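The entries follow in the order of the searches.

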Amino acid sequence: MLELVSVYLDDMHAEWHKEAEATLTDILILVTHGSVLYTLEDETLLLEKGDLLLIRKGVMRAGENAADGPHQKYSAHFHLDDRGRELLADTGGYRMLRARSYDYMKQRFTILSQHWFGQLPFADVICSGIAIELLGCFVQETMDSRFTSVKLRLMSEVQKYIAAHYREPIRIEELAQLVDRAPNYVTQSFKEVTGLTPISYMHQVRVHAARDLILNTRMTIREVSDYLGYSDQAHFNRVFKKTMGYPPSSIVREVQRLT
């Protein structure tokens, strides 16, 4: 996906500036305090706390503190493989957006910089993993920016409800009543936001719960099937295999082999 080249924390440097030059890597930036001005190609952008900026390799970049004083930001510099470039194919030379998951991304950038500068054992593996996660978060945020905040909030409520009630029979009408919208709206909007229908999402939650139960308890497949709300074990087996790519009996055999 990516090769992490460097990580930076620009921490309130009063004289910070960046001379105009083409970027040598792709760069992901999160501003965590104050504001900063970037000139990318012929456009000047003002980034403030909570803003994310992705700059693609080869873009002419210059930067300086904004008029209100120094700023703080994290940046990760990386090279992308073909898969990573495909993932960002629609980004253009650069893209700026407001981070919806700001607190989480700030935490991940903080941990990334701690491992990068601390160079503890396996730091390279940990840093690469976090960088890939941050890039994935950026792509997800880019996709989410297509939707209104109201739609995202309502579909988040539906997800939370399914996660709390996945063992129960859940009907679309029930979810529609939860968010005070029409059933068709819930089905279509949920699929737009998550890529799954509400019922498919419920089965996915059930299957991952089933896998944990088979691995970590003495419950039989039939008991797991009943526990998760499937009255027909054959149906449970089909749903499990469709989701995971293998039947639940494969896990049972693996557990037996290791014990």
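Entry on the cores. I searched for nonpolar cores, meaning sets of buried Ala, Val, Leu, Ile, Met, Phe, Trp, Tyr and Cys residues joined through side-chain atoms within 4.5 Å. The largest one holds 31 residues, and Val158, Ile162, Leu175, Val224, Leu228 and Phe236 have the most contacts inside it. Two or more residues each come from α4 (149-165), α5 (172-179), α6 (183-194), α7 (198-216), α8 (221-227) and α9 (233-244). I noted that α7 gives the largest share, seven residues. Helices are DSSP runs (H or I, at least four residues), numbered from the N terminus.

Entry on the model. This is a predicted model, in which local features need pLDDT of at least 70 and side-chain atom pairs count only at pLDDT 80 or more, while totals for chains, interfaces and linings use all residues. Residues are numbered from 1 along each chain as its sequence is written, and side-chain values use heavy atoms, with hydrogens and water left out.

Entry on Leu228. I listed its contacts (heavy atoms within 4.5 Å). Apart from neighbours within four places in sequence, Leu228 touches Tyr166, Arg167, Arg206, Ala209, Ala210, Leu213 and Phe236. A second, separate core has 26 residues, among them Val7, Leu80, Leu88 and Leu97.

Entry on cysteines. I found zero disulfides in the whole structure, a disulfide being a pair of cysteine sulfur atoms within 2.5 Å.

Notes. Buried < 20%, exposed > 50% of the residue type's maximum accessible area, 1.4 Å probe, protein only.
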